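The sequence and structure come first.

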Amino acid sequence: MQSFIIAKKELKLLIRDKLTATVLFVLPFAMILILGLLLGEGFGQKNDDLMRISVLNLDKGLGLNNKPWAEHAIDDMVSTPNIKVEIIQTKELANELVKTGKRAAVIIFNQDFSDRVNECSFLSTGVNPFHRDGIYLEKLQVSIVKDNKQPATSAIIESVCQIALLRIVMPWMIGKAFEKLGDPEFIELLGKEVSLPIPPSLRLLMPKEKIPLGELLELASGKDVVLAKNYREKVGQGIQTALTGQFKNYNLTGKSWASLTRSINNTETVKTLTTFQNDDGTGILKRGAIRYQILVPSFTVMFAFSLILISGWIFVAEKRQGTFNRLLSSPVSTPSILLGKFLPTVIISLFQIFFLLALGKVLLGLKIGLPTWSLTDWAIALIILPIATSFCVASFSLLIGLLSKNETQLALFSSVPVCLFALIGGCIFPWEMMPDNAKTLAFLTPQGWALDAFREIMPSSFDNTTDFNLIWKSALVLTIMGFILMCVTWITLGGIRFRSS
Amino acid sequence: MTQAHSVILKIDGLTKLHGQFKALNSISFNINRGEIFGLLGPNGAGKSTLLSILAGSSKPHTGTACFDGMQIQPNNLKLRARIGLVPQDFAFYEDLTAKENLVFFGNLYGLQGTLLTKKVNEILEIIGLDDGKANQYSKYFSGGMKRRLNLGIALVHSPEVLMLDEPTVGVDPQSRNRIFEAIKTINATGTTIIYTTHYMEEAESLCNRIAILDHGEIIACDTLQNLLSLTKTTINFSIIENDQTKAGLLQQKLPTLKQATLQGSYSLASHNNPTPEIINLLVNEKIQIISMQLDSPNLEKVFLSLTGRHLRD
């Protein structure tokens with residue numbers, strides 16, 4: 001009962017101190033908002049291990065296996081190690097991304113791309129896409145929108161495009177050319193071009209030194225048209241078989257790079273094909289920006305633990321104005337005094353956490369939880385975890401406040417849990433921006449545990465799954481930390497209250 | 001009521017060390033129920049340490065302090081409810097009103113509802129904060145009002161013993177007078193008062209018995225009258241120049257008479273007032289007096305004579 005009386009008084013005093021109350025709730029959100037607006041899209045995200053190639057596919061035609069050639073090209077790029085392909089939805093978006101410098105270049109397969117590839121041939125009537133350095137992109141209806149401020153990256157992207165197109169067009173053209181070896185037109189041409197010498201013993205019958213292959217086949221068929229056609233086909237097949245036998249390492253009819261080169265499917269290659277997602281948010285507040293998924297949990301945890309300073313200051317102020325001694329000389333038990341001091345911090349901390357989450361959700365489009373969560377999952381995320389965090393915060397506040405004899409000591413003592421632990425715990429610089437072993441160090445701090453769990457309930461993508469074991473573990477560790485701190489505080493206060501010297 | 005029953009606080013051989021320094025050195029005395037007991041002493045004499053032990057906030061190294069037969073221990077919380085302590089420094093919440101402060105501390109001592117309301121209003125009246133000031137934030141109070149609120153908070157739970165540690169420091173005469181009145185009112189209800197002060201006239205006007213504490217020891221503990229009797233009344237007089245030949249006669253009749261530095265000036269100190277004796281002698285011997293001044297004993301003289309005149313830090 002007396003605990004509630006003390007707690008009520010503490011809350012009343014805090015509410016009357018409007019400036020502090022405002023700072024407690026508004027400052028964290030203001031910091032989230034300011035940083036959210038200032039920081040770039042990639043804040044807090046680890047640099048890609050894969051090279052990102054952005055592609056706009058407008059191809060309307062069909063190519064090999066009734067699949068548009070653009071898709072073949074994309075498949076080729078995706079299958080290339082260390083490359084991931086991102087599909088851009090519209091031309092306007094592609095232009096905007098390049099214009100704003102968010103993408104160095106976007107490869108556009110225009111609507112006639114398949115038709116143009118289909119027309120590619122070594123024949124003089126076909127489209128010849130090759131030149132000394134590679135492929136004429138414009139001849140294939142391929143364009144690349146480039147950011148002139150990122151020439152190196154855009155050049156690399158163009159090279160990737162060139163290689164992909166070479167791997168698409170070259171086998172296609174070779175395959176088609178190989179098929180042409182069996183065509184009657186080719187045999188007829190061959191028949192005209194290739195002349196065989198006539199042995200001297202037969203020159204009485206054919207009074208000339210050489211005879212064209214075509215004429216020889218005519219003679220062999222005895223003017224039988226069907227038989228002549230059959231002979232010509234056999235010559236074509238013979239040439240194809242001979243070439244196949246000669247170039248055993250290649251499938252000259254394959255029409256795809258993998259088939260042409262008889263490549264073994266590399267199963268170790270991770271194929272990464274994504275669709276562009278606007279992680280930069282919309283509107284003035286950059287609503288829905290992915291960085292809020294990092295900023296909100298970070299600052300929620302950091303400012304929750306900043307209450308150590310506020311609550312500690314109230315504690316020190318109470319000592320300075322003598323009311324603490326009056327409390328200690330009252331008949332109220334030590335646990336009741338502790339509980340009375342403890343409850344307001346827990347309540348404020350919970351309010352602060354929910355305030356930031358609610359404001360983040362409403363104003364910043366923060367994603368909390370997953371659509372698959374059950375009611376129990378929500379309870380764990382929004383009740384168990386905040387309570388465990390607030391319990392730890394309040395216990396820490398009490399101990400620091402109790403140990404500090406004045407405001408200077410408080411500032412010094414609280415700088416460790418408020419600033420240093422926040423830094424180590426990943427609240428100031430996200431783990432993604434820190435060395436790999438930073439997260440291990442973070443788990444020495446309560447902020448590290450709290451942040452790990454809060455980030456789990458605010459996933460950076462809805463494709464994520466939630467590790468509730470991690471949340472439970474964090475909540476348990478925070479509770480144990482809080483309990484230990486509370487015990488130390490109890491013993492310390494008991495010593496102060498009933499000191500013998 | 002026997003003597004044994006009238007003792008509410010029995011202090012027996014209390015010793016308290018602050019490191020090597022003996023803040024209290026085996027002190028023993030009793031405080032009777034219903035009396036106003038003055039505790040005087042120079043700075044560092046051990047008054048606040050003694051009050052701290054009596055309030056249960058500190059533990060002596062040796063000796064005992066018993067309240068109504070029960071030994072005072074820091075962990076005896078029930079006993080704390082029977083004691084009120086007015087600390088020397090202000091000890092209330094400045095962002096609460098006077099009334100809210102009283103209600104808060106009343107609640108801590110278990111008072112609730114109409115009883116609490118009645119008690120708070122009663123206290124506000126006693127300390128003179130019963131008008132519009134009751135609902136003002138105490139941070140806007142004058143020094144005197146703060147002193148009175150500081151007193152009121154210690155009264156709200158109706159303690160049997162009220163300990164005041166220099167409750168009138170830095171207040172104007174009006175507030176001091178109000179505090180005195182409040183103390184007398186409270187004492188009239190049977191509350192025992194332990195009053196610590198540097199102001200001798202306060203102790204003289206308020207206290208039934210007074211203890212003088214110095215260097216952690218009780219050097220005197222008695223009623224005001226008995227303490228005053230520890231020093232002598234001094235009479236100083238001057239006679240005209242022509243009668244100085246009769247000085248020898250005066251010395252003969254009054255052997256303890258001392259001649260002052262100024263010629264023709266004399267002084268005589270006595271436990272009894274020597275004025276009639278001197279006047280009779282001067283009249284009988286027809287010695288003309290220029291001036292005569294009676295220096296009566298007071299508590300300050302007693303205090304200074306017992307504790308010395310050297311400065312204390």
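## Interface and cores

Across the interface of chain B and chain A, two salt bridges are found (side-chain nitrogen of Lys or Arg within 4 Å of a carboxyl oxygen of Asp or Glu). In one salt bridge, the side chains of B:E100 and A:K12 meet at 3.6 Å, N to O. This is a predicted model: local features need pLDDT of at least 70, side-chain atom pairs count only at pLDDT 80 or more, and totals for chains, interfaces and linings use all residues. Residues are numbered from 1 along each chain as its sequence is written, chains are lettered from A in the order in which they are written, and side-chain values use heavy atoms, leaving out hydrogens and water.

Contact means heavy atoms within 4.5 Å. Buried area is the accessible area (1.4 Å probe) that two parts lose on being put together, summed over both.

| Item, chain B with chain A | Value |
|---|---|
| Residues from chain B | 32 residues |
| Residues from chain A | 25 residues |
| Buried area | about 2,400 Å² |

Of the buried area, 59% is on carbon and sulfur atoms. In chain B, B:L77, B:Y93 and B:L108 lose the most area to chain A, together 26% of what that side buries.

B:L108 also belongs to the largest nonpolar core, which has 70 residues, and is among those with the most contacts inside it. Such a core is a set of buried (under 20% relative accessible area, 1.4 Å probe, protein chains only) Ala, Val, Leu, Ile, Met, Phe, Trp, Tyr and Cys residues joined through side-chain atoms within 4.5 Å. Another core, of 58 residues, lies apart from it and includes A:L24 and A:C392.

Conventions: Buried means under 20% relative accessible area, exposed over 50%, partly exposed in between (1.4 Å probe, protein chains only).
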